[in-house]
Amino acid sequence: MAKLAFLGLGVMGFPMAGHLVAKGHEVTVYNRTAAKSAAWVARHGGTAAPSPVTAAQGADIVLACVGNDDDLRAVCLGEEGAFAGLAKGALFVDHTTVSARVTRDLAEQAAGMGIGYVDAPVSGGQAGAENGALSIMCGGTAPDFARAEPVLAAYAKVCRRMGEVGAGQLAKMCNQIAIAGVVQGLAEALHFAEKAGLSIPELVEVIGAGAAGSWQMANRHKPMAENAFDFGFAVNWMRKDLGICLATANENGASLPLTALVDQFYKDVQKMGGGRWDTSSLIARLRAMG
């Protein structure tokens, strides 16, 4: 069992850190809002730290799941950052969906301090985190991944090394690109069904068993039908992710016309006041159009 620190206790990090305790690891947590750390300790045990640097002190592996590039830099760098508290030979594992550029920059700084680095973004949403069934895409050296994998098994359905540092983030971009088109297609199909007077449950039962079936259809058709979007992965976060995808595509020459279009559809949802709605809220935009 390892001595771990977990930074970031949002809808994903809170249950993920809990799974680590359930597997017998010694876990210290840090969250920018201290009340969340206190709530986590009350539920799972472990210890709460007042800063990333104190959380990291003495840890074999520090794991992070925060919001964006700037949040990740903030918990890693500076006198209060986790890197300052890690001993040479320790390992930092990042679950945040961020740019490959910031990943490589932080990994380089970590290497200069004798700290290993694995980028390990996840897919599976809040339910996947709570059920310990996430897909984890990793980038890093083979030895660093080998150290991280047994720990990540606490909440992984599948965990794969995709290549060197940054490869995990690139794989996560592929994940978000694929999701964007599928959710829009599902929203249009269900909107069409409503206009045609079809029963959505019966429709999904039939077409979900065929070539149209998908995880999104199985898990998001009900909130789409009920116009209930107060859970899951928020539109604001999806736009952040798609922005990373589009910026990286500009660098590597990939053509992402559908992704760019769906990103603008999510912008419309934000204008409707749905920035914190679940990503399945694309159907609300279609309904608003008539």
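These legends accompany close-up views of a predicted model.

**View 1. Strand β2 pairs with β1 in the parallel sense.** Strand β1 covers residues 3-7, and five bridges link β1 to β2. Leu4 stands opposite Val27 of β2. Between the two strands the chain passes through helix α1, residues 13-22. This β-α-β crossover is right-handed. Strand β2 spans residues 26-30 and is mostly covered. Four of its five residues are buried.

**View 2. Strand β2 also pairs with β3.** The pairing is again parallel, with two bridges. Strand β3 consists of residues 47-48. Thr28 stands opposite Thr47 in β3. Helix α2, residues 34-44, belongs with β2 and β3 to a β-α-β unit. That unit is right-handed.

**View 3. Thr96 sits in the loop between β5 and α6.** Strand β5 runs over 91-94, and helix α6 over 100-112. Thr96 has a relative accessibility of 1%, so it counts as buried. Its side chain makes a polar contact with the side chain of Asp94, at 2.7 Å. Beyond its neighbours within four places in sequence, Thr96 is in contact with Ala64, Cys65, Val66, Gly67 and Asn68, among others. Leu72, Pro121 and Gln169 are also among its contacts.

**View 4. Arg287 and Glu194 meet in a salt bridge.** Their side chains come to 2.4 Å, N to O. Arg287 lies in helix α14 (residues 282-289) and Glu194 in helix α9 (residues 167-196), so this pair ties together parts 93 residues apart in sequence. Arg287 counts as partly exposed, at 24% relative accessibility. Glu194 is partly exposed too, at 32%. A search of the whole structure finds nine salt bridges.

**View 5. Asp268 forms a salt bridge with Arg285.** The closest N and O atoms are 2.9 Å apart. Asp268 lies in helix α13 (residues 257-271) and Arg285 in helix α14, so the pair ties together parts that are 17 residues apart in sequence. Arg285 is buried, with a relative accessible area of 11%. Asp268 is partly exposed, at 28%.

**View 6. Asp241 forms a salt bridge with Lys240.** Here the closest N and O atoms are 2.9 Å apart. Asp241 has 2% relative accessibility and therefore counts as buried. Lys240 is partly exposed, with a relative accessible area of 21%. The cut-off matters for this residue: buried means under 20%.

Conventions:
Residues are numbered from 1 along each chain as its sequence is written. This is a predicted model: local features need pLDDT of at least 70, side-chain atom pairs count only at pLDDT 80 or more; totals for chains, interfaces and linings use all residues. Side-chain values use heavy atoms; hydrogens and water are left out. Buried means under 20% relative accessible area, exposed over 50%, partly exposed in between (1.4 Å probe, protein chains only). Two strands pair if DSSP finds at least two bridges between them. A crossover is right-handed if, with the strands pointing away from the viewer, the path from the first strand over the helix to the second runs clockwise. A polar contact is a pair of N or O atoms within 3.5 Å; within protein, one must be able to donate a hydrogen and the other to accept it, and residues adjacent in sequence count only if both atoms are side-chain atoms. Contact means heavy atoms within 4.5 Å. A salt bridge is a side-chain nitrogen of Lys or Arg within 4 Å of a carboxyl oxygen of Asp or Glu.
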